[in-house]
Amino acid sequence: AEKHAGVSCVTASMDDIQFEEAARVGQIITIKAKVNRAFKTSMEVGIKVTVQDVLTNVEKIVSVAYATYVAKPVGAGKIELEPVKLLSREDHLEHSLAIERRRIRLGYEQVFQNLMQESNKEGDYYSFEEEGAVSTDLTHVQSIELVQPPHANHHGNTFGGQIMAWMETVASISASRLCRSYPILKSVNMFKFWGPSIVGDRLVFNAIVNNTFQNSVEVGVRVEAYNCEEWIKNQARHINSAFLIFNTVNDKGELLTFPRIKP
């Protein structure tokens, strides 16, 4: 992203990420990234992760993801980006698909906002009674992290990947309180950067199970940041949200069923 813009870039969002394969200790991971398309002030970067087993030499795809970046200006205003030079047939295909992914992402966000507004209008919570349902209160997990220099880039901003790793940890603990086993992350949905955090900030992660779907569970995670003054005044900055999908398997590799939950 920085090669294309010629200046520093920051992550704005990640499209839904699916995990096809688990990477394990001793395997070789290859990460390839390239700019698929530049819009006026943002760009899409495609990321492909593969894993290779050193014993069998078999290579498998771990994940394919698409991140949206914006150029970080030196002063005020936004930086307009140059179009991407398309060199291959694959470049042309990804260039066309990028605009569709952007359209779907923006529509996705609008639908989500509309649902939230309708929910707020209703005011009253619906009643939910099901025998054996587990209260979501039991799945609430909170974690606090202090952003230190190794967690940040050369601008002092927290790495997006570091925040995602912390989010996965707290979400995994939340999911494990339902399945009483080790959950496996299958996808990350609507991973959105609402604002930056920097070295010295305290990040508060809140995770809770939103719903279960037979063999999978969705955990919502909200991240809030505080500097020293904000911490004393209890004035949080909402910087990230995402929805993580987990499943779990038994010793035979069979998917286990999650219990129904009571919101």
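Author: A charge sits over a ring if NZ of Lys or CZ of Arg is within 6 Å of the ring centre and within 35 degrees of the ring normal. The model shown here is predicted. In this model K192 lies over the face of W194, at 5.5 Å from the ring centre. A second case involves an arginine: R202 lies over the face of W231, and here the distance from the ring centre is 5.8 Å.

Rings can also meet other rings. A pair of aromatic rings is described by the distance of the centres and the angle of the planes. Searching the whole structure gives four aromatic pairs. One of the four is formed by W166 and F205. The centres of W166 and F205 are 5.9 Å apart, with 75° between the planes, and the pair is edge-to-face. That label applies because planes over 60 degrees apart count as edge-to-face.

Where do W166 and F205 lie? W166 belongs to helix 3 (residues 160–179), while F205 belongs to strand 9 (residues 202–213), so the pair ties together parts that are 39 residues apart in sequence. W166 has a relative accessibility of 12% and therefore counts as buried. F205 is buried as well, its relative accessible area being 1%.

Another buried residue is V62, at 8% relative accessibility. V62 is placed in strand 5 (residues 59–71). Apart from neighbours within four places in sequence, V62 is in contact with Q18, F19, E20, E21, V49, T50 and V51. For one of these residues, Q18, the separation from V62 is 44 residues in sequence and 8.5 Å in space, taken from C-alpha to C-alpha.

Now the whole chain. The secondary structure consists of four helices and 12 strands. Of the contacts between residues at least 6 apart in sequence, 70% join residues at least 24 apart. Buried residues account for 36% of the 263 residues. The C-alpha trace spans about 60 × 55 × 35 Å along its principal axes. For 263 residues, a compact globule would have a radius of gyration near 18 Å, and the 20 Å of this chain agrees with that. The accessible surface comes to about 16,300 Å², and carbon and sulfur atoms hold 53% of that surface.

Note on methods: Residues numbered from 1 in each chain as written. Predicted model: local features only at pLDDT ≥ 70, side-chain atom pairs only at ≥ 80, totals over all residues. Heavy atoms only, no water. Phe/Tyr/Trp six-rings, centres within 6.5 Å; stacked < 30°, edge-to-face > 60°. Helix = DSSP H or I, 4+ residues; strand = E, 2+ residues; numbered from the N terminus. Buried < 20%, exposed > 50% of the residue type's maximum accessible area, 1.4 Å probe, protein only. Contact = heavy atoms within 4.5 Å. Rg over C-alpha atoms; globule rule 2.2 N^0.38 Å. Areas by Shrake-Rupley, 256 points an atom, 1.4 Å probe, with all protein chains shown as cover.
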